[in-house]
Amino acid sequence: AEPGVIGGKMFSTRMLILGNGPSLKEEYLPLFRDFPCLGMNAAYRYWDRIDWYPEYYCCLDDQVVVSHADNIRRLIEQSRCKRFFLHHHFFKTHPDMRGRKEISSLYQLLPGERNASRCADHGLQHMPSDLFRSTNPGKVTTGAYAVRFANYLGYKTVGLIGVDCRYVEKVPECKVVDG
């Protein structure tokens, strides 16, 4: 990989983003152990079983980040990943985690006064980046914004595996409760 320098430290300018789709096969993970990776959403359940964690974690789904907030907090407290990119709803469950240097909130990086106001409401520093400018700011997907976050961190070449564009809102095993 091409070397890059951030904060005086050398790093690869290539990153692999790991989705949760069927193209990410279990047997591939050993190949990624020494490669910068970003994982997302509830994949930590598998990482816990194999005792391997990517360097970066991303969860921008406003419901998933709440329903998995305690486990995400555990990942942060145990330093399982070195950096976390989260939807701000995480702080509703764990307000004491605001301001931690290893956590970036989506609204911290999104440009615009509305996002600056949201940051102020949550006690977060607004650090907007043009990498997060969008013609459709209401449409945020964890996979798409994970690529932007990788670029924000300085990675220039980003590969995707397991990002299969087969997201299912309701899996067959689910039952609708209270509407």
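View 1. The bridge partner of Cys59 is Leu86, over in β6. It's a predicted model, with residues numbered from 1 along each chain as its sequence is written. Local features need pLDDT of at least 70 and side-chain atom pairs 80 or more, totals for chains, interfaces and linings use all residues, and side-chain values use heavy atoms, leaving out hydrogens and water. β5 and β6 are paired in the parallel sense (DSSP has to find at least two bridges for a pair), and here there are four bridges. Helices (H or I, at least four residues) and strands (E, at least two) are DSSP runs, counted from the N terminus.

**View 2. The open sheet, strand by strand.** Six strands line up in the order β7-β6-β5-β4-β3-β8, with parallel pairing. From one strand to the next, the twist averages 20°. Zooming in on β6 and β7, you'll find three bridges between these parallel strands, and Phe85 stands opposite Ser104 of β7. Over at β3 (residues 14-18) and β4 (residues 37-40), three bridges again hold a parallel pair; Leu16 has Cys37 of β4 as its bridge partner.

**View 3. Two helices lying across the sheet.** Helix α8 (residues 142-152) lies across β3, β4, β5, β6, β7 and β8, at about 150° to β4. Angles run from 0 to 180 degrees between N-to-C directions, using lines fitted to C-alpha atoms, for helices over the stretch in contact. Helix α4 (residues 69-77) lies across β5 (56-59), β6 (83-86) and β7, and runs at about 155° to β6.

**View 4. The buried side of α4.** Which residues of α4 are buried? They are Ala69, Ile72, Arg73, Arg74, Leu75 and Ile76. Buried is under 20% relative accessible area, exposed is over 50%, and partly exposed is in between (1.4 Å probe, protein chains only). Just past the helix, Ser79 takes a positive phi of about 50°.

**View 5. One face of α7 turned inward.** In helix α7 (residues 113-122), Asn115, Arg118, Cys119 and His122 are the buried residues. Looking down the axis of α7, they fall within an arc of 100°, so they line one face of the helix; the arc is that of directions from the axis to the C-beta atoms. An α-helix has 3.6 residues a turn, so residues three or four places apart point the same way. The face of α7 turned away from this buried side carries the exposed residues Glu113, Ala120 and Asp121. α6 (106-109) is part of what covers the buried residues. Gly123 follows α7 with a positive phi near 70°.

**View 6. His89 in its loop.** His89 is found between β6 and α5 (90-93). With a relative accessibility of 15%, His89 counts as buried. What does His89 touch, setting aside its neighbours within four places in sequence? Its contacts (heavy atoms within 4.5 Å) are Asp62, Val65 and Val66.

**View 7. Thr13 beside Thr157.** Thr13 has its place in the loop from β2 (9-12) to β3. Thr13 is buried, at 9% relative accessible area. Thr13 and Thr157 are 144 residues apart along the chain, yet 6.3 Å separates their C-alpha atoms.

**View 8. Cysteines without a bond.** How many disulfides does the structure hold? The count is zero, where a disulfide takes two cysteine sulfur atoms within 2.5 Å. For Cys58, the closest cysteine sulfur is in Cys59, and at 7.4 Å that's too far for a bond. Cys58 is buried, with 0% relative accessible area, and Cys81 is buried too, at 6%.

**View 9. The whole chain, for context.** The protein chain has eight helices and eight strands. Of its 179 residues, 44% are buried. Counting contacts between residues at least 6 apart in sequence, 44% join residues at least 24 apart. The accessible surface comes to about 10400 Å², with 50% belonging to carbon and sulfur atoms; areas come from the Shrake-Rupley method with a 1.4 Å probe, and for residues only the protein chains shown count as cover.
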